[in-house]
Amino acid sequence: MVLSLRPLITRRLYTKSCFAYADSVDILLSEEHKDSTTQKQLEPMQINMLELNSELRNLTKSGDLKSARHMFDALPHRDEISWTTMISGYVNASDSSEALSLFSKMWVLPSIRMDPFILSLALKACGLNVDVNCGQTLHGYSVKAGLLNSVFVGSAVLDMYMKNGRVFEGCRVFDDMPLRNVVSWTAIITGLVRAGFNSQGLFYFANMWRDNVDYDSYTFAIALKACADLELLNYGREIHARTMKKGVDTTSYVANSLAAMYNKCGKFLYGSRMFQNMSKPDVVSWTSIITTYVQTGQEKLGIDSFKQMRECDVCPNEYTCAAVISGIANMARLDWGQQMHAHVSRLGLTGSLSVSNSLMTMYSKCGLSNSASLIFREMTKRDVISWSTIIAGYSQEGCGEEAFELLSWMRKEGTKPTEFALSSVLSVSGSMAVLDQGRQIHAYALTVGLDQTALVRSSLINMYAKCGSIKEAEKIFSASENDDIVSWTAMINGYAEHGDSQEAINLFEKIVQVGLRPDSITFIGVLSACSHVGLLDLGFHYFDSMTKDYKINPCKEHYGCMIDLLCRAGKLSEAENMIRTMPFERDDVVWSTLLRASREQGNVECGRVAAEQILRLDPDCAGTHIALANIYASSGKWREAADVRKLMKSRGVIKEPGWSWIKIKEKVSAFVSGDKSHPQCEEIYSLLELIASKEELVFQDLASILHVAQG
């Protein structure tokens, strides 16, 4: 809680001037024998100090700290007001280092008396600078000097501990305070809520009400934030009623907090109404509504709100831009993302961590991992989100080596990898079937204690299953608690991918028995298992159960599983009908499923329809041309097959060759059929010819050949 000390400083200025006046009167009364020359020398000095301190205060108030410091250093004499004014200026400008440096110089001066106001300023600087050691020293001094009982010092000590993350020390200071005001109460509530102790914050808020302490806008705002984080709609409504009764519901702090509370509690209409009722929404108001739209999947509305904000001449801050870029990333609109990148560059916000992290996410989701990497390497400061974002970006692109190298770099920099970073690298290890790399990540996760987090555990199960080590996946799953549906889903998918469909179905049936609830991804796994073994009726039972029993609306992937199930069961017409009637855009994936089944079953008409639909979406799809030609050829329709080949040639469509890779000595080598780009291609082909020949090789001879090839 920011402690407002400006009135206190003004009061001290007034008090000081009164003391100066009283002292001058005493001198005149008690020392009348002194000549008038001495009196004339004293009066101008006192008057000059008042004028100089007033001028100094005006400079700090205007933000011209450079001129203020120059004047301060040039003063022939500095009193408590001079020091307090200069230190306060630095604190208000968030320059805590300079404030503490100046305070240290003042502290050693015997002519300056320490008082609660100066001490509270120094404690506030410690909170801004996150310097708990200095703060503890001042806390000790305030106890020794008997200043802790001052409500100003006590509140400042409390606020310092809270801002340094020492929540329990802050609570202890608060509980020991003989006097508390609204600043003290707001500081304890704010500290608890920002540290994630929302319930405890609301407990103190209730006690504050019970003690008849008058709330201010800041107290209401932080209590509403706690309600939003806990999604306590009814409690939030009670606070809303109190704000209306007190007449502060229209202030920007409270109005923004109310809108955020209603939005987080799912009452978007109320949140939107709160926003619309604001006479002049500020940047916080706009940022709140934009963030809400993005977080609830309404990215287009969020971007439209950003446009309206600019039309209202409200300048966005870093958080506004980060929210908009996140929305664009979710939509994968590269053109809009590049426009926003240019806009934040013009505003000078590219140095912001939140903006840079959002830009990296946007470029990664748009498939431009190199652009994301360029932003990452230009960052002067990186946090754990920056590292996790770039690692996830490379992992999604399938660049396992780069992701692994970045994880190693992250560890060398001293940043502890999060479960998200480890999960990303495990995911790409599974996709590339690089078991050794996955095992290294597993060992590291065990070392840092992240192996039992739901995200890492499910990623380990997925990685081992995709690398062919289903037994290892089973071990991890068996050792886990029955409180994680993600791990159950990963194991079900692992069984399904390995063809152990019955195991997958049996595991799915046990989910309800252990008190868990299957989610959308779990149903994809069990539907895939049904598809692999052709359990048509059971598959439709699960598909119907999603909506009827679990209130889960089927997504495109669920329909894809059912279409595949129908195709494998030979019901191509039913599969085509489901494709045409599903409530989603029909993409090339579902039509490719029908095309593949038509080729296997020799259904020329279904194959032709599926191929036409795919080519309408992707005219240069070589695989579709070849599949259709093969369907015609297998049915004896040679003319039609030749026509497809001619069409393919006239369009310049060339089938992209399939790639394979192998990892040897920590290096991945990729190749295609007939590839001769490898620097050791001659030795490789010589060895292949030798192995392919019908001559029998003695093991020792083969070993010597391998030794020569590696050398």
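1. Basis. This is a predicted model, where local features need pLDDT of at least 70, side-chain atom pairs count only at pLDDT 80 or more, and totals for chains, interfaces and linings use all residues. Residues are numbered from 1 along each chain as its sequence is written, and side-chain values use heavy atoms, without hydrogens or water.

2. Helices α13 and α14. Helix α13 spans residues 233-246 and helix α14 residues 252-264; their axes come within 10 Å and cross at roughly 160 degrees. The axes are lines fitted to C-alpha atoms over the stretch in contact, with angles from 0 to 180 degrees between N-to-C directions. The pair is therefore roughly antiparallel (angle over 145 degrees). From α13, Leu233, Gly236, Arg237, His240 and Thr243 make the contact; from α14, Val254, Leu258, Met261 and Tyr262 do. Contact means heavy atoms within 4.5 Å. By class, five residues are nonpolar, three polar and one charged.

3. Helices α21 and α22. Helix α21 (residues 369-378) packs against helix α22 (residues 384-396) at about 160 degrees, axes 10 Å apart. These two are also roughly antiparallel. Ser369, Asn370, Ala372, Ser373 and Phe376 of α21 meet Ser386, Trp387, Ile390 and Tyr394 of α22. That contact has five nonpolar residues, four polar and no charged.

4. Phenylalanine 268. This residue lies in helix α15 (residues 268-276). Phenylalanine 268 is partly exposed, at 34% relative accessible area (between buried, under 20%, and exposed, over 50%; 1.4 Å probe, protein chains only). Beyond neighbours within four places in sequence, phenylalanine 268 touches Tyr262, Asn263, Thr292 and Thr296. Its C-alpha lies 8.5 Å from that of threonine 292, 24 residues apart along the chain.

Conventions
Helices (H or I, at least four residues) and strands (E, at least two) are DSSP runs, numbered from the N terminus. Angles under 35 degrees count as roughly parallel, over 145 as roughly antiparallel, 65 to 115 as roughly perpendicular and the rest as oblique. Ala, Val, Leu, Ile, Met, Phe, Trp, Tyr, Cys and Pro count as nonpolar, Asp, Glu, Lys and Arg as charged, and the others, Gly among them, as polar.
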